[in-house]
Structure formats: C-alpha cells, structure tokens
Amino acid sequence: MADISLARITSLALADAVNPCALAMLAIILITIMTQYPDKRRKVLYAGLAFTSAVFIGYFLYGVIIIHFFKAIDTAIKGSSFPYYLYNGLAVLAMILGALNVKDYFMYKPGG
C-alpha cells in the first residue's frame with residue numbers, strides 16, 4: 001500500500017472541499033444569512049469561513065480515518081486466503097448491483 005502522508009491527505013481534503021455541491025450550499029447559506037442580517041456583513045463572512053472550515057475538517061478527518069482503516073485491514077489479512085474470497089465476493093456484489101441498476105433503467109417505476 002502506498003505511503004500516504006499528512007500533507008497528501010490535507011491536499012486531497014482541500015481539493016475535495018472545493019466542489020460544486022459544497023459551493024452551492026455555501027451560497028445558499030450566505031444568501032440566507034445576508035437576507036436576515038443585511039447590515040452585518042461580518043456575520044456573513046464568519047458564516048462562510050465556518051462552513052468552509054467545517055467542510056475541510058470533515059474531509060480531512062474522513063481521509064485520516066479511511067486510510068487508517070484500510071491499513072488495519074491490509075495488515076490483518078496479509079498472508080491468508082481471505083483476500084481471494086473477499087475479492088470474489090465483492091465482484092459478485094458489484095455484478096448484482098450493476099444488474100439491478102440496469103433493471104431499474106429499463107423498468108422504471110416512479111415511487112417504487
């Protein structure tokens with residue numbers, strides 16, 4: 001497994017925090033605050049900084065937790081035949097989910 005440093009996780013969190021969904025949510029929050037407090041621009045600035053910081057911290061923590069989780073799993077299953085069964089089980093699960101997606105595409109029922 002590639003060695004992933006704190007700097008790499010930080011840069012990935014920064015890159016992932018700037019996505020259209022997060023920016024749309026930020027715009028909605030700032031517009032809502034601005035309509036309630038039109039004379040308090042500093043509150044809008046603080047709200048924007050708080051939202052951006054929370055998104056970054058969330059992605060950073062998710063990255064650290066996921067990396068440590070996969071490293072622990074990699075250490076636990078090394079040298080056993082478990083990966084063979086895990087990969088085949090995940091392959092079968094992926095095929096089942098793919099087949100269900102194709103079925104839903106052709107047999108779409110609203111509200112179902």
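Trainee: Which way does α1 pass α3, in a left-handed or a right-handed crossing?

Mentor: Keep in mind that we're looking at a predicted model. In it, helix α1 covers residues 6-17, and its axis comes within 8 Å of the axis of α3. As α1 passes α3, the crossing is right-handed.

Trainee: Are α1 and α3 oblique or roughly antiparallel to each other?

Mentor: Their axes cross at roughly 135°. To count as roughly antiparallel, an angle has to be over 145 degrees, and 65 to 115 is the range for roughly perpendicular.

Trainee: How many nonpolar residues does the contact of α1 with α3 have?

Mentor: On the α1 side, look for Leu6, Ile9, Thr10, Ala13, Leu14, Asp16 and Ala17. They meet Val55, Phe56, Tyr59, Phe60, Gly63, Val64 and Ile67 of α3. Two of the contact residues are polar and one is charged, while the nonpolar ones number 11.

Trainee: And how is α2 oriented relative to α3, roughly parallel or roughly antiparallel?

Mentor: Helix α2 spans residues 20-36, and helix α3 spans residues 41-77. Their axes lie 9 Å apart and the packing angle is about 155°. Since angles over 145 degrees count that way, α2 is roughly antiparallel to α3.

Trainee: Which residues in α3 does α2 meet?

Mentor: Start from α2, where the contact uses Ala22, Met25, Leu26, Ile29, Leu30, Ile33 and Met34. By class, this contact of α2 with α3 has 10 nonpolar, two polar and one charged residues. The partners in α3 are Arg41, Val44, Ala47, Gly48, Phe51 and Thr52.

Trainee: What is lysine 78's salt-bridge partner?

Mentor: A salt bridge needs a side-chain nitrogen within 4 Å of a carboxyl oxygen. For lysine 78, the closest N and O atoms of the pair are 3.2 Å apart, and the partner is aspartate 74.

Trainee: How many salt bridges does the count come to?

Mentor: In another, the side chains of aspartate 104 and lysine 103 meet at 3.1 Å, N to O. Aspartate 104 counts as partly exposed at 40%, and lysine 103 as partly exposed at 38%. The count comes to two.

Terms used
Residues numbered from 1 in each chain as written. Predicted model: local features only at pLDDT ≥ 70, side-chain atom pairs only at ≥ 80, totals over all residues. Heavy atoms only, no water. Axes fitted to C-alpha atoms, helices over the stretch in contact; angles between N-to-C directions. Helix = DSSP H or I, 4+ residues; strand = E, 2+ residues; numbered from the N terminus. Parallel < 35°, antiparallel > 145°, perpendicular 65-115°, else oblique. Contact = heavy atoms within 4.5 Å. Nonpolar A, V, L, I, M, F, W, Y, C, P; charged D, E, K, R; others polar. Left-handed = near helix turned anticlockwise from the far one by under 90°. Buried < 20%, exposed > 50% of the residue type's maximum accessible area, 1.4 Å probe, protein only.
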